[in-house]
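Hello,

Here is the structure I promised to hand over. Please look through it first; my notes follow below.

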Amino acid sequence: MHLFLLIGLVAFSAVAILCRELLKSAISLAVASIFLALLLFEMGAVYAGVFELSVVAGLITVLFITAIALTRGDGDVAEGRAQRWVFPLFFAGLAVVDVLVMRKLLGRIPAIQGGESGSFSQVLWNQRTFDLVGQVGVISAGVLAVLALFRRDNGHGKGESHE
Amino acid sequence: MLFLYIIVPLLLAGLLPLLGKLSKRLLPDLLASAAMLFLLVLTVIGARPLISGGGVIQQATWFQAPLNIRLLLDGFSLLMLFTIALVSFVVCIYSIGYMEHYGAKANYYALLLVMIAGMNGLVLSGDLFTIYVFLEMAAVASYALVAFGRGPDELEAAFKYLMLSAVASAFVLLSIAVLFAVTGGVGFGAVAQGLKTLNVRTLVGICSALFLAGFGLKAALVPFHSWLPDAHPSAPAPISAMLSGVLIKVSGVYAMTRVFLGVFGLTPALTTVLTVLGVVSIFVGALAAIGQNDIKRMLAYSSISQIGYVVLGIGIGTPLGILGGLFHLFNHALFKSLLFLNAGAVERSTGTRSLDKMGGLAKVMPVTAVTSVVGSLSIAGVPPLNGFWSKLLIIIALVQAKMITLAVLAVLGSVITLWYYLVLQHQAFFGKLNEAWKSVREAPFWMSAATVVLALLCVAVGLAFPFVVGTWLQPAADALGQGVNVALNFIGF
């Protein structure tokens, strides 16, 4: 089951990159996210699975599709031929390295038992509180970026003055 | 007290968009500058005495109630806090005049403060995953700040920066995930202890390569530098100063040094990789800078070159090498911020960044010209300015470590630096005044004041370098010189 989900995740992620149409690419990414969410559920990471399914597969896909719908099609962007074969080549190389090296290597490493223990909420609120402050900062940065970049006034004339 | 470094800028960033409705200019200018001055004073008066006995761990409090947040402060993090606060304060002062024609000052300062909070959080963290979170916080704010002008150049540069930065973050996160899987922790102490117990050298090599790619991209080390010459010139001048002066050092050099020296421990292989990458960066950056006609692009390439000196010094791994590298990191924050602010003043007054179109500007912008000369001579390593001493320390450290070839190359890099900065000065400020610039005036008061402060600091640090080394740099070098022992002392952090 894990292997099936993992293959689905990798396959749809690759399709999302290789796809020529943005809409199909966004949908492939959403399907890849669903596979990842199922994988997380299977492995017992329920909270992570719920977040992956609701935020990444749900909310972000809606945002992508809305943005694509609002974008005008002013003609195709010319793209070099190298773009078509670089990723598949890189992907194939990585897969070979993964199969030949990493699996064997990671299998030999004895993992230390430990790390954060307790329920999700305990870990999040009691042990990773500093990360929560950071997350608040990341979200604030995103909100402020939207406010700054989509502001109405345009009185600077900066971009035009560049040589 | 240390939590103030994160919470003060973050809270103010949240309030500024609202306060900006009441006052579009005065309140944002005043509050942002006051907050940075407060953090600067706090660093000098409050934080420095804390490290008198070595590193400390402080629990954060919120209205006297303890929080589950512990912050790590040692000589190295203190030096970075000081550098961030100093440059941020000067940049805020400069922004009073410079950002007038952009508008949306409240949003601008809010993003700047989030970036500063992110850098402060990164520096005070004793945990790899927390470093990643705060790295992202500073990065997200910086993407928006690069695109703040909303012109085609800015948006393209911000997008390129975002894409490459996301790749860097992926490398960093992957490495952290592997370390967590193996050692069962992400705290500096837990990872250092785990790696020591398990003796997994191949895995450390793979994680080092991932961190090198990730943090190398953030630091714009060659060959990971391609985003910087677009991103830094496109941003508003004060943001260029922050990015080149501070951000690439905190999210790239600081994080890389902390992990390699403090968690993994510097190995001969890592020393070779870092010193070679350092020298390659010095030359690639310097040679690329020579051919540039855009003043800010020339400065951006120069940043790549100067980061090479920092990494070269730290990569040697000897106490003198580390000291020289850190000294150059601090000095570069001063003179590169100064030079970007000067370039912004010229661009604002003339409307161009093209060196071909400038000439003779010293006659109409004497303050900008004089401070720019100070910055250029400092970065080129002309005695007795600050850049001379840091480069000298690095070169002596290379000779002591019997890396004679690298020492010769470092001197040669400095000569090339002097060459292109003399060309910059000649083309922009000296010679016959271009007819088009006869009506040009000196930059507004606050912009000039900021550049004068930085120029004076370049001179003062050069003249009083034993004091600066003893007060700020030696504790930082000592903290790094202890290697993984610092992290091992903080097990359970």
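What share of the 493 residues in chain B is buried? Buried residues (under 20% relative accessible area with a 1.4 Å probe, protein chains only; exposed is over 50%, partly exposed in between) make up 66% of them.

A word on the source. This is a predicted model, where local features need pLDDT of at least 70, side-chain atom pairs count only at pLDDT 80 or more, and totals for chains, interfaces and linings use all residues. Residues are numbered from 1 along each chain as its sequence is written, chains are lettered from A and ligands numbered from 1 in the order in which they are written, and side-chain values use heavy atoms, without hydrogens and water.

Now the fold. Chain B has 19 helices and 2 strands (DSSP runs: H or I of at least four residues, E of at least two, numbered from the N terminus). The C-alpha trace spans about 70 × 60 × 40 Å along its principal axes. Contacts mean heavy atoms within 4.5 Å. Among those in chain B between residues at least 6 apart in sequence, 80% join residues at least 24 apart.

Next, the rings. Phe, Tyr and Trp (its six-membered ring) pair if ring centres lie within 6.5 Å; planes under 30 degrees apart are stacked, over 60 edge-to-face, the rest tilted. Over all chains there are 21 aromatic pairs. B:Tyr94 and B:Tyr98 are stacked, 5.5 Å centre to centre with 25° between the planes. Both lie in helix H3 (residues 75-98), 4 residues apart, about one turn. B:Tyr94 is buried at 0% relative accessible area. B:Tyr98 is also buried, at 0%. Ring pairs link B:Tyr94 and B:Tyr98 into a cluster with B:Tyr102, B:Tyr108, B:Tyr109 and B:Phe148.

Best wishes
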